[in-house]
Amino acid sequence: MIYTNSLDNISSDMLQGFFVDWPNPPSLKTHLQLLKNSNKVVLALDKEKNKVVGFITAISDGVLSAYIPLLEVLPEYKCKGIGKELVKRMLHELEDIYMVDLCCDDDLVAYYEQLDMKQTNGMIVRNYAMQAGNVN
């Protein structure tokens, strides 16, 4: 497995299979654009298959706060430590930031607690009509 912060040589066709169980998953083009628009990104690459098998993104003001909106690992690559490695690498990338926030479902709290994150309360708004994104 190769981990990289670079999107050089990453094409949308290398991003197939993500967003499992999303009712309106983003297109491959939208997926690539959200990676490009993120302040920080870490990718897990299977070089032999020439595909991205996991990714994590962060958006930040670069001073005090950052938010990790997405962590995804392809189903066939789960339970191999890839997700944990992506989180560790992203937290390292953000180590100079005061607060790093991440929202997750209740069943994932224990996963993130293993990575020294603390549970807290949060509020969200979801516009499901826009879940697929709007990149054409």
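This is a predicted model: local features need pLDDT of at least 70, side-chain atom pairs count only at pLDDT 80 or more; totals for chains, interfaces and linings use all residues.
Local features here need pLDDT of at least 70, side-chain atom pairs count only at pLDDT 80 or more, totals for chains, interfaces and linings use all residues, and side-chain values use heavy atoms, with hydrogens and water left out.

**The sheet.** Select the strands. Helices (H or I, at least four residues) and strands (E, at least two) are DSSP runs, numbered from the N terminus. Five strands make an open sheet of mixed pairing, in the order β1-β2-β3-β4-β5. At the edges are β1 (2–4) and β5 (99–101), each pairing on one side only. From one strand to the next, the twist averages 20°. Two strands count as paired if DSSP finds at least two bridges between them. Strands of a sheet pair through backbone hydrogen bonds, either parallel or antiparallel.

**β2 and β3.** Select 40–46 and 51–60. These strands run antiparallel and are joined by seven bridges. L43 has F55 in β3 as its bridge partner. The hairpin has four residues between the strands, and N50 takes a positive phi near 55°.

**β3 and β4.** S60 is opposite A66 in β4. Four residues separate the two strands of this hairpin, and G62 in the turn has a positive phi of about 75°.

**β4 and β5.** Next, find S65, which stands opposite M99 in β5. Here β4 and β5 run parallel, with three bridges between them.

α1 lies across β2, β3 and β4, at about 45° to β3. Axes are lines fitted to C-alpha atoms, for helices over the stretch in contact (heavy atoms within 4.5 Å), and angles run from 0 to 180 degrees between N-to-C directions.

How enclosed is β3? Seven of its ten residues are buried, so β3 is largely enclosed by the rest of the structure. Buried means under 20% relative accessible area, using a 1.4 Å probe and protein chains only. A nonpolar core is a set of buried Ala, Val, Leu, Ile, Met, Phe, Trp, Tyr and Cys residues joined through side-chain atoms within 4.5 Å. The largest one has 34 residues, of which I10, L43, V52, I82 and L86 touch the most other members. Finally, select I10: leaving out residues up to four places away in sequence, I10 touches L15, L32, L43, L45 and V52.

How values were computed. Residues are numbered from 1 along each chain as its sequence is written. Buried means under 20% relative accessible area, exposed over 50%, partly exposed in between (1.4 Å probe, protein chains only).
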